[in-house]
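Open the model in your viewer and keep the selection panel at hand.

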Amino acid sequence: MGTEKELGITKEDIGKTISVEEYNEACKRTVMRYTDVWNDLTEKMGYWVDMEDPYVTYKSKYMETVWWLLKQIYNKDLFYKGYTIQPYSPKAGTGLSSHEVNQPGSYRDVTDTTVVAQFKTKPETLPSFYKVLEMFIF
């Protein structure tokens with residue numbers, strides 16, 4: 001979104017007024033703009049990372065590693081379906097990273113009308129798959 005702002009474009013302009021390749025290169029420059037500041041901060045904080053060969057999320061090596069790891073998890077049948085709240089940008093049409101969510105103006109006060117209630121259960125009334133957890137719950 002920062003790159004789009006700098007270029008004075010919207011996501012609809014990508015592929016029309018600017019090529020996908022040009023847009024990707026502009027995004028890479030935006031990401032790498034503060035490398036020297038990051039390196040300096042990393043050293044001052046005492047992070048133990050390889051700054052000579054850092055992982056950069058837009059590089060093929062990183063993406064292929066993530067896909068390989070996901071495949072290993074899938075092969076071991078460790079994926080499960082779950083639900084979580086995902087910050088979403090209607091403007092960008094994508095989910096937001098924690099960095100993007102922490103940008104100024106990202107939060108606003110809202111009234112939460114959610115009600116949460118807790119009840120004790122009787123172990124004999126629980127479905128069978130809860131029996132395994134019974135020793136930890138009760």
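Leaving aside its neighbours within four places in sequence, which residues is Thr-30 in contact with? Select Thr-30 and look for Thr-3 and Glu-6: those are its contacts beyond four places in sequence. Contact means heavy atoms within 4.5 Å. Thr-30 is buried, with a relative accessible area of 19%. The classes are buried under 20% relative accessible area, exposed over 50%, and partly exposed in between, with a 1.4 Å probe and protein chains only.

Some ground rules before moving on. This is a predicted model, in which local features need pLDDT of at least 70 and side-chain atom pairs count only at pLDDT 80 or more, while totals for chains, interfaces and linings use all residues. Residues are numbered from 1 along each chain as its sequence is written, and side-chain values use heavy atoms, with hydrogens and water left out.

**Stop 1: helix α2**

Now select residues 20-32. This is helix α2, with 13 residues, and Thr-30 lies in it. Helices (H or I, at least four residues) and strands (E, at least two) are DSSP runs, numbered from the N terminus. From first C-alpha to last, α2 reaches 18 Å, close to the 18 Å expected at 1.5 Å a residue. That expected span is 1.5 Å times one less than the number of residues.

Colour Tyr-23, Ala-26 and Thr-30: they are the buried residues of α2. They lie on the same side of α2 because they cover an arc of only 60 degrees around the axis. The arc is that of the directions from the helix axis to the C-beta atoms. What do the buried residues of α2 pack against? Show residues 2-7: the partner is α1.

Turn the view to the face away from the buried side. Glu-21, Arg-29 and Val-31 are the exposed residues there.

**Stop 2: Thr-42**

Go to helix α3, residues 35-45, and pick Thr-42. Is Thr-42 buried or exposed? Its relative accessibility is 2%, so Thr-42 counts as buried.

**Stop 3: Lys-61**

Move to helix α4, residues 60-75, and select Lys-61. Lys-61 is exposed, at 59% relative accessible area.

**Stop 4: the rings**

The structure holds 2 aromatic pairs. In one of them, the rings of Tyr-74 and Phe-79 have centres 6.5 Å apart and planes at 50 degrees, so the pair is tilted. Rings of Phe, Tyr and Trp (its six-membered ring) pair if their centres lie within 6.5 Å; planes under 30 degrees apart count as stacked, over 60 as edge-to-face, and the rest as tilted. Tyr-74 is exposed at 54% relative accessible area, and Phe-79 is partly exposed at 44%.

**Stop 5: the whole chain**

Zoom out. The protein chain has 6 helices and 2 strands, in the order α-α-α-α-β-β-α-α. Its C-alpha trace spans about 65 × 40 × 35 Å along the principal axes. The radius of gyration is 23 Å, whereas a compact globule of 138 residues would be near 14 Å. That radius is taken over C-alpha atoms, and the globule rule is 2.2 Å times the number of residues to the power 0.38. Buried residues make up 10% of the 138.
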